[in-house]
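Have it open beside you as you read.

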Amino acid sequence: MQAVVLAAGEGTRIRPLSATLPKPMLPVADRPLAAHTVDAAVDAGADEIVLVVGYEAETVRDYFGDEYRGVPVSYAVQTEQAGTAHAVAAAKDRIDGPFAVLNGDNLYDPAAIDRLFANCPAVGAVEVAEPRNYGVLSTEDGVVDDITEKPSEPPTNLANAGAYAFPERAREWLEVPESERGEHEITDVLATVLDRFAVTPIALDRWLDVGRPWELLAANEWKLADLDRRIDGRVSDDAHLEGDVVVEEGATVKPGTVIEGPVLIRSGATVGPNAYVRGATLIGEGASVGNAVEIENSVLSRDTSVSHLSYVGDSVLGRDVNFGAGTTVANRRHDGAIVELTVKGERVPTGRREFGVVAGDGAKTGINSSLTPGLKLATGATTRPGEVVERDG
Ligand code: TTP
């Protein structure tokens, strides 16, 4: 079966992390987010991957090339982001049989993708506590018979997980009218398939839609938890590594450092001396964690540097970020309330009592900067020495 993977979105809600990278290319453990989806499709037996690209398409092409793990990869360009059905329609000419559609910014439980492919026509379903916020699937006699967007009285607690195995005929039904949101949506294609075929619901044990910065942290927490200890880099005899820690070849861990997994230290990164790195943490390629720095439950993207005497907790730092000596991130409010973050101009609860900051590529803090919980630093933003930063900048 062909797998059409949607990766054309800009990721406006995850800004500033998507300023130079499309959301599907943001780092999740040892690969981009979309590579986890493509891997699940390849493991399920996909015989071709069709990536729908648009925003910053070149970075997607550079990563996946023409062949990925022995499976041919082709690209369809969606010039305008007019919706998920519109995105699949951009790949229409390449579809010549039953086809799967997966989101390049979702993490799926891989075993479920296997079952999805084996049971075509099928749709991924995930049990949720609050179905009113989702597209909800109704079922009868083990077959999905309807989908309702954000119903006030949900018929089930099965949310549409955005994973579909469509029969070849669905290719003819990709041109759907605009929805109330003004987009051409894949759920309208699904509705036609439900009318004409018996569609099997495939239960996903786990699923994560990565839309906002804290969901990228959650994606890393998920995939880093799967690490198996492996030390291929240079680790000082005076460093102490506990649990599932991976030090890739070309990475260096200096004396006095303590690392408690799950932690992944990627090639070219240096940690220490005397650093304390705790899970779930990703230290990206070429990143550097200096003397007496503590990093907890965070993502440091490639070439980012946190200098001596700093603390970073529950945070996501983009590429080439530089935190000056003594930078301290506060990751908990005094009142213990859920930390909020600004997403497209609105304060939104992250659902986390511990959440630090999000720093766009190239952001720099002056020495002894103090950063408050739920703060966003824009691409290339700077703070002054000793500054207490309480507002996004
Ligand atoms: P969304 O998360 O709805 O859109 P987005 O990725 O652009 O993010 P944001 O809302 O923050 O701006 O998209 C769901 C999936 O569908 C995702 O994998 C991107 C993909 N997509 C396209 O490929 N083309 C489109 O026109 C749209 C709307 C989404």
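1. Let's begin where the two domains meet. Across the interface of domain 1 and domain 2, the rule finds 0 salt bridges. Polar contact does occur there, with 4 residue pairs found across the interface, both residues at pLDDT 80 or more. Please keep in mind that this is a predicted model.

2. How many residues of each domain are in contact? On the domain 1 side there are 15, and they touch 21 residues of domain 2. The area buried between domain 1 and domain 2 comes to about 1,300 Å², and carbon and sulfur atoms give 67% of that. Within domain 1, the most area is lost to domain 2 by Pro 16, Leu 17 and Ala 29, which together account for 39% of what that side buries. The side of domain 1 that touches domain 2 is made up of 8 nonpolar, 3 polar and 4 charged residues.

3. Now turn to the ligand. It is surrounded by 18 residues, the closest being Thr 12, Arg 13, Gln 78, Gly 83 and Asp 105. This shell divides into 9 polar, 5 charged and 4 nonpolar residues.

4. Look next at the backbone around the ligand. A backbone N or O atom of Arg 13 is 2.8 Å from a ligand oxygen atom. For Gly 83, a polar backbone atom lies 2.9 Å from an oxygen atom of the ligand, and for Glu 10 the corresponding distance is 3.2 Å. On its own the ligand has 570 Å² of accessible area, and the protein covers 86% of it.

Technical notes
Residues numbered from 1 in each chain as written. Predicted model: local features only at pLDDT ≥ 70, side-chain atom pairs only at ≥ 80, totals over all residues. Heavy atoms only, no water. Near = heavy atom within 4 Å. Polar contact = N/O pair within 3.5 Å; in protein donor to acceptor, adjacent residues only side chain to side chain. Areas by Shrake-Rupley, 256 points an atom, 1.4 Å probe, with all protein chains shown as cover. Nonpolar A, V, L, I, M, F, W, Y, C, P; charged D, E, K, R; others polar. Contact = heavy atoms within 4.5 Å. Buried area = accessible area lost by both parts, 1.4 Å probe. Salt bridge = Lys/Arg side-chain N within 4 Å of Asp/Glu carboxyl O.
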